[in-house]
Amino acid sequence: MERNHAIEPIIQATLYFHELFKKTLVASQPERIFTKTQMDLMIALHVEGSMNMSALSERAGIAPEQATRALKNLRERGLADTVRSDENRRMVIAQLTEEGALIMDEHLRAVEENLRASLEGLNDDEMDQLAEAASTAVGLMGKTGLRHVVPAPPKRRTSAAQALPSKADAPQE
């Protein structure tokens with residue numbers, strides 16, 4: 001079986017991506033404690049906006065009951081809210097509160113800063129190569145049946161070298 005020769009580079013890439021994950025997402029965790037499910041729901045609501053509970057649970061890859069429990073906790077903490085749909089009163093729409101959106105803005109800003117710092121040693125051409133390789137990997141992984149839980153963030157720039165804004169582009173506080 002010849003397929004085994006390709007597994008070593010995949011293992012190495014996985015280990016590098018694991019380190020990158022630890023230095024960006026894990027190191028950027030909000031000060032408040034969230035479960036993985038709560039964070040998945042908050043990211044989905046932040047990136048895609050308000051949505052009904054069925055769509056939210058599907059997006060997070062969890063059972064509706066699990067999404068309801070996690071969202072209840074976020075509501076109790078003032079980070080999310082639910083409203084009844086005007087068109088269908090049986091449908092519950094989930095959304096982040098202003099405080100929840102601010103926490104997610106801060107979290108995603110910290111993720112970008114940590115990612116920029118982690119990739120600081122790469123020049124523009126190398127960033128383009130890494131972005132292309134990551135794009136290829138995502139496309140291929142999609143064919144395996146594996147999927148990521150939360151949606152991809154919207155594209156903000158056209159070139160891979162510009163994919164991460166410089167500190168000068170960051171909003172001033």
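Which residues make a nonpolar surface patch of about 360 Å²? Select I7, I10, I11 and L15. Patch members have over 30% relative accessible area and no salt bridge; nonpolar side chains (Val, Leu, Ile, Met, Phe, Trp, Tyr) are joined within 5 Å, like charges within 9 Å. A salt bridge would be a side-chain nitrogen of Lys or Arg within 4 Å of a carboxyl oxygen of Asp or Glu. Areas come from the Shrake-Rupley method with a 1.4 Å probe, and for residues only the protein chains shown count as cover.

Before going on, note that this is a predicted model: local features need pLDDT of at least 70, side-chain atom pairs count only at pLDDT 80 or more, and totals for chains, interfaces and linings use all residues. Residues are numbered from 1 along each chain as its sequence is written, and side-chain values use heavy atoms, with hydrogens and water left out.

**Stop 1: helix 1**

Stay on I7. It lies in helix 1, residues 7-24. Helices (H or I, at least four residues) and strands (E, at least two) are DSSP runs, numbered from the N terminus. I7 counts as partly exposed because its relative accessibility is 40%. The classes are buried under 20%, exposed over 50%, and partly exposed in between (1.4 Å probe, protein chains only).

**Stop 2: helix 2**

Select residues 36-48, which are helix 2, and pick T37. T37 has 18% relative accessibility, so it counts as buried. Beyond residues up to four places away in sequence, T37 touches I62, Q66 and A70. Contact here means heavy atoms within 4.5 Å.

Now move to M42. Leaving aside neighbours within four places in sequence, M42 is in contact with F34, L74, L79, L96, G100, I103 and M104.

**Stop 3: the core**

The largest nonpolar core has 22 residues. Such a core is a set of buried Ala, Val, Leu, Ile, Met, Phe, Trp, Tyr and Cys residues joined through side-chain atoms within 4.5 Å. Show F34, L41, M42, L45, L56, L71 and L74, which have the most contacts inside it. Two or more residues each come from helix 2, helix 3 (53-60), helix 4 (64-76), strand 3 and helix 5 (98-118). Helix 2 gives the largest share, six residues.

**Stop 4**

Switch to cartoon. Three strands form an open antiparallel sheet in the order 1-3-2. Strands 1 and 2 are the edges, each pairing on one side only. Two strands pair if DSSP finds at least two bridges between them.

Strand 1 (residues 51-52) pairs with strand 3 (residues 92-96) over two bridges. There, N52 stands opposite I93. Strand 2 (residues 80-84) pairs with strand 3 over five bridges. Finish at R84, which stands opposite V92.
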